Amino acid sequence: MTEKNIFGINYKEVNDILRNCSGEIKLTGCCGQRFIAAGMSDKNITLKGIPGNALGAYLNGACVTVKSNAQDAVGDTMNDGKIIVHGDIGDAAGYAMRGGRIFVRGNAGYRAGIHMKAYENKIPVMVIGGTAGSFLGEYQAGGVIVVLGLEAENKKIVGNFPCTGMHGGKMFLRSECADIKFPSQVTARRAGAGDMEELKAYVSEYCELFGYDIDRIMSAPFTVVTPDSKNPYKQMYVAN
Amino acid sequence: MKIEGQVRIPSGCAIAAVISKDGRRMSGEGIYNAMKPMHDRSNGLGGGFAGYGIYPEYKDFYALHMFFNERATRKNCEAFLKERFEIVKSEIIPTRKIPQITDEPIIWRYFVAPLNSVLLALQLDEKEFVAKTVMKINTEMDGAYVFSSGKNMGTFKAVGFPEDVGVFYKLEQYEGYSWTAHGRYPTNTPGWWGGAHPFTLLDYSVVHNGEISSYDANRRFIEMFGYKCNLQTDTEVITYIFDYLLRVKGLKLEEAANVVAAPFWSTIESMEDKKERDKLTFLRTAFSSMLITGPFSIILGFSGGLMALNDRLKLRSMVVGEKDDRVFIASEESAIRMIEPDAENIYAPTGGEPVIIRTKDGDEF
């Protein structure tokens, strides 16, 4: 395992260090460097300190573990691989991601999963252990978003305007969602046995990563949100 | 060189702040170091800082920080000031010659008190008189620009990257109980010294990351009350809106935040608390032209405190953290970690949720 302190080093140099390394690498002293691990495919990277925006953008198979919080746009347009964040993440996590998995132990900011998409066997998955901010899954076109609301206490599991413009994919919220207002173009229903089976695969990985008891998490009611194909978006801007 | 108003450049920013709730004074070095990890958010066309509590020996006098294009302008302006103010001290603001900062104007500061006879003749209160005088100089006196006019506070700004601007102004030699900072990436204007943030009027200072889409609607409205937006930059109008709402109209900070970042009507309608619903409806209705739309994250500095606020859609990032008596606010957590690696309780306020921090003996309003 290679270890390197990158405090004060420019992001271009940081990515050069990563490119010239093989196998496992640990970077300490991160402080705001953007684009760490962008586009990388075959590394196993652990970060200490606070990585900058667009961590793992265009990630293509590498595994990135962050021991603290992460900033905005984690996994922007990622294609494959895994990003594991032990703290919270900022806004627009998983922006347009089209493959791979993001696991966040804590909370997500605004617009998590904005414009996620899927194609054939490429199905991106994002699991948020805490709560999510407003506009969760905005314009979601594919893939799976799971929000567990663990340790949320009295906080709502998701902020205002979730699923605005959602037209594909699936969302699981560990709540009955009685206090959540969804747009009329999506359907929110209680998760059935088949849904729970699918969900278990995502949640078990989360539990293994962060040491939670899967039975306890799965015993609570989940709401499943999908687009309502009977009530599609039409004439949003002009009648044509 | 073209200045603000002569050219439009269609094309983000970094903000940070620190405050000691105990009112303990901190050197300005921490705040300019905080801007270093956010270097790429700016493009070198503007950096600036506001420090509060930095002039305790002159705390009863307005500190006018000014840019002049030439010596003659300064002489004329001083003659103008002498007719209106008692000037207890006037001096060059100390700077360092560094290669990163060039083409500086003449940078001067005056500690002044309005002449009582002038106030009586004009029947104006002190603050209103100072605000009007600042507007007059900035609008009518070519080559002279007041960029700071509060008591026991001051702004320091320039064209350059913020960390260099801090070194240029020797901020490590000042001590304040709160500091705000800005790194500029001008989106509409060419980047002139006066156009750098913070924008100030009296004790209020604003640093802003974003680009508001309501600028002209806000400008047309605020100019009806005697404010003059000289620089075509959106942050200037935000500063005047806060001065109007807080000083002139006497709104509380929370109320002013509910005016500029008002909740959506749908959110107001869904509120169970009728009193809250009525209050928000009133504020949106009474001050509809002061609703600020489009992306912004701002930090408002005032005597004895700070307020951080995001637009209601939260189109810009902002995080808050704390450690002991200090509270930190920044566009990125990395900036907070630069000042205090062990900062705790890091969180991102929601859109439209004001974060207000006051020093223990700060003004209540």
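This is a predicted model: local features need pLDDT of at least 70, side-chain atom pairs count only at pLDDT 80 or more; totals for chains, interfaces and linings use all residues.
Local features need pLDDT of at least 70, side-chain atom pairs count only at pLDDT 80 or more, and totals for chains, interfaces and linings use all residues. Residues are numbered from 1 along each chain as its sequence is written, while chains are lettered from A and ligands numbered from 1 in the order in which they are written.

Now look inside. Of the 365 residues of chain B, 52% count as buried. Buried means 20 or more other C-beta atoms within 10 Å of a residue's own; exposed means 12 or fewer, and partly exposed lies in between, with C-beta atoms placed from the backbone.

Next comes a sheet. Four strands of chain B form an open sheet in the order 5-6-4-7, with antiparallel pairing. Two strands pair if DSSP finds at least two bridges between them. Strand 5 (85-92) and strand 7 (144-148) of chain B are the edge strands, each pairing on one side only. Strand 4 (residues 62-68) of chain B pairs with strand 7 of chain B over 4 bridges. Phe67(B) stands opposite Tyr145(B) in strand 7 of chain B.

Helix 2 (residues 71-82) of chain B lies across strands 4, 5, 6 and 7 of chain B, at about 5 degrees to strand 6. Helix 4 (residues 126-140) of chain B lies across strands 4, 6 and 7 of chain B, at about 140 degrees to strand 7. Axes are lines fitted to C-alpha atoms, for helices over the stretch in contact, and angles run from 0 to 180 degrees between N-to-C directions.

Finally, turn to where the chains meet. In chain B, 15 residues are in contact (C-beta atoms, placed from the backbone, within 7 Å) with 16 residues of chain A. Helix 11 (residues 333-339) of chain B gives the largest share of the chain B side, 4 residues.

Conventions
Two residues are in contact if their C-beta atoms, placed from the backbone, lie within 7 Å. Helices (H or I, at least four residues) and strands (E, at least two) are DSSP runs, numbered from the N terminus.
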